[in-house]
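This briefing goes through one protein chain by topic, for reading beside the sequence and the 3D view.

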Amino acid sequence: MAVLRHFSIKNNPLATLKYITGETKAQKAAIVTGINCSDDPESAYIEMKMCYEHYAGEKFHRVGKPTGKEHIKMHHYVISFKGQEVTPQEADRIAQEWAKEVFGDNFQILIATHTDTNNIHVHLAVNAFGMNGKRWLDNKSTVKLCKEKINDICRKKRLDVIEHPKWSTTQNYAEWLERQNGTSWKQNLCNDIDRIVLMANIRSIEDLIAELVKLGYEVRSGKYLSVKPAKLKNRKAVRTLRLGDGYGLEELQYRIENKNREMSLDKILTYSGIQREYALCLRQIQIMLYRKPEEDHRVTYREVLKTCELLNYIHDHNIHSKHEFETHVNKIAEHTDEIVARYKSIRKRIAEGEYILENGDRFLALYSSDPSAAFNQASLYKPFFEGSIKSKDDLGMVSQKLEVLKKELSAIQGEYDKAVAAKKTVTAHYTTFLRQIDNDYAGYLYSAKKELADYEASLNKPPKKEFKEVVRQMADWAEKVNAKIEEKKRVEELERVARKKRDSYCR
């Protein structure tokens, strides 16, 4: 397994060359190889400097602070292998092969293989300009190309490959940390929007905005929809389209108008067994599809469609466990194999009958004139001997049987087509099922089950009282308290008056 990283070098390329060869470290590189340059870092620096300055028209080594936009002088790639799965020599050969496939034959590249850590890794320093004047640009397409090439080489060498790397966003560290801790307001905003668009009373963007305002968000609507929590005064609002592919104005309007196509938590609660698990997974990958950037193809619309079709299939056939699914698949396979065997047997007998009728006259003529010659061609006339065909009457019987067989074939044709289609469908669904449970579905289920459990708990809680209701109840309570105070004062006054009368009588 190889992991590839890229670093842009904008100043002091000589220090980079010395670093990757290990001259500034305790342990030097195990193998150093130069492509179109020397394997000595200082000599390689001079050769790369001449090429760069010739085509770039600027100094290769910057001294002092830049006065304008700073250009990349060198590209630094690191290829890390898993543990000791390759030897240093193999790592060096893989790096050279990768460099040739990515950069061709015109770039100066210094390659250094290191064994000073638990993972064998290779550093590659690539001059920003090739010897033909072509400049290597680092962008999404070239990074994708570099990763595809190293993966192809690893597959060819029978090394492990990360088929579905985790999605790496361009978010800053603070946002990443908040997402890890579950305190990201952008993540919570996505969750709130996903919940709101499925509400029955939400029929337009205006309804969505009103609901977001109720939840304490500040919303600006125009060409874009910009949202932020009202309590975060020092934070800039985020345009919803930045949250993912499913949060632009047009996408939100489509989701609101087609909310019946999304898997809601209420729908999930109507399923049980693996049907509920698949409903949870479908919801998770739908949300992942909405939140992913356009370049991330780990979750595709095709994957959502396959999962949806699989959920419908297991629901329609009342399948609630993996064992029930296996039993269902085996039952259909046995039934189909039985029908296919019968269908093929009829087709074979029809083919033999047609062959006998087609060659019957020739066989009878040969058999009647020279039986030994007919026996000498037994392989050619095998169906005639097996069917004891010796006369025109026998051919007539074959013709009658052929008509019966064709009617049988016609009668079984529909059942055959239906059985083959059923087997093909269940095989496709079961293949999808096995592939998915072996991949990321455990992770999907973990987070989805937690979300569902929180939702179920919220359904069992008594509904929160509206603020107006709370205020009215407080007013009623205050009125009752005041009434008790007044009653106490009245009783005390009556007692005071009674004492006063008693005192006057005594005097």
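How many residues apart are Arg195 and Asp192 in helix 6, and what separation is that in helical turns? They are 3 residues apart in helix 6 (residues 185–196), so about one helical turn separates them. The model is predicted. The points below cover the sheet, the nonpolar cores and the salt bridges.

- The model has an open sheet of 5 strands in the order 1-3-5-4-2, and the pairing is antiparallel.
- Strand 1 (2–9) and strand 2 (31–35) stand at the edges; each has a single partner strand, so one side of each is left without a neighbour in the sheet.
- From one strand to the next, the twist averages 15°.
- Strand 2 and strand 4 (residues 109–114) run antiparallel and are joined by 5 bridges.
- Val32 has Ala112 in strand 4 as its bridge partner.
- Strands of a sheet pair through backbone hydrogen bonds, in either a parallel or an antiparallel manner.
- Helix 1 (residues 13–21) lies across strand 1, strand 2, strand 3 (74–81), strand 4 and strand 5 (121–127). Helix 1 runs at about 35° to strand 4.

**Nonpolar cores**

- The largest nonpolar core has 28 residues. The members that touch the most others are Tyr77, Ile79, Phe81, Trp98, Phe103, Ile109 and Leu124.
- Two or more residues of this core come from each of strand 1, strand 3, helix 3 (88–103), strand 4, strand 5 and helix 4 (140–156).
- Helix 3 gives the largest share of this core, 7 residues.
- Apart from neighbours within four places in sequence, Phe103 is in contact with Tyr77, Trp98, Ile109, Val126 and Trp136.
- A second, separate core holds 20 residues, including Leu225, Val227, Leu252 and Ile256.
- In soluble globular proteins, nonpolar side chains tend to be buried together.

**Salt bridges within a helix**

- The count for the model comes to 12 salt bridges.
- Side chains of opposite charge can pair when their charged atoms come close.
- The salt bridge between Arg195 and Asp192 has an N to O distance of 3.7 Å.
- Arg195 counts as partly exposed at 39% relative accessibility, whereas Asp192, at 18%, counts as buried. The cut-off for buried is under 20% relative accessible area, and partly exposed begins there.
- Arg155 forms a salt bridge with Asp152, and their closest N and O atoms are 3.1 Å apart.
- Arg155 and Asp152 are 3 residues apart in helix 4, so they are separated by about one helical turn.
- Arg155 is partly exposed, with a relative accessible area of 40%, and Asp152 is partly exposed at 42%.

**Other salt bridges**

- Lys392 forms a salt bridge with Asp361, with the closest N and O atoms 2.7 Å apart.
- This pair links distant parts of the chain, 31 residues apart: Lys392 belongs to helix 15 (residues 392–437) and Asp361 to helix 12 (residues 322–369).
- Lys392 is exposed, with a relative accessible area of 55%, while Asp361 is partly exposed at 48%.
- A network of salt bridges links Glu97, Lys156 and Lys157.

Technical notes
Residues are numbered from 1 along each chain as its sequence is written. This is a predicted model: local features need pLDDT of at least 70, side-chain atom pairs count only at pLDDT 80 or more; totals for chains, interfaces and linings use all residues. Side-chain values use heavy atoms; hydrogens and water are left out. Two strands pair if DSSP finds at least two bridges between them. Helices (H or I, at least four residues) and strands (E, at least two) are DSSP runs, numbered from the N terminus. Axes are lines fitted to C-alpha atoms, for helices over the stretch in contact, and angles run from 0 to 180 degrees between N-to-C directions. Contact means heavy atoms within 4.5 Å. A nonpolar core is a set of buried Ala, Val, Leu, Ile, Met, Phe, Trp, Tyr and Cys residues joined through side-chain atoms within 4.5 Å. Buried means under 20% relative accessible area, exposed over 50%, partly exposed in between (1.4 Å probe, protein chains only). A salt bridge is a side-chain nitrogen of Lys or Arg within 4 Å of a carboxyl oxygen of Asp or Glu.
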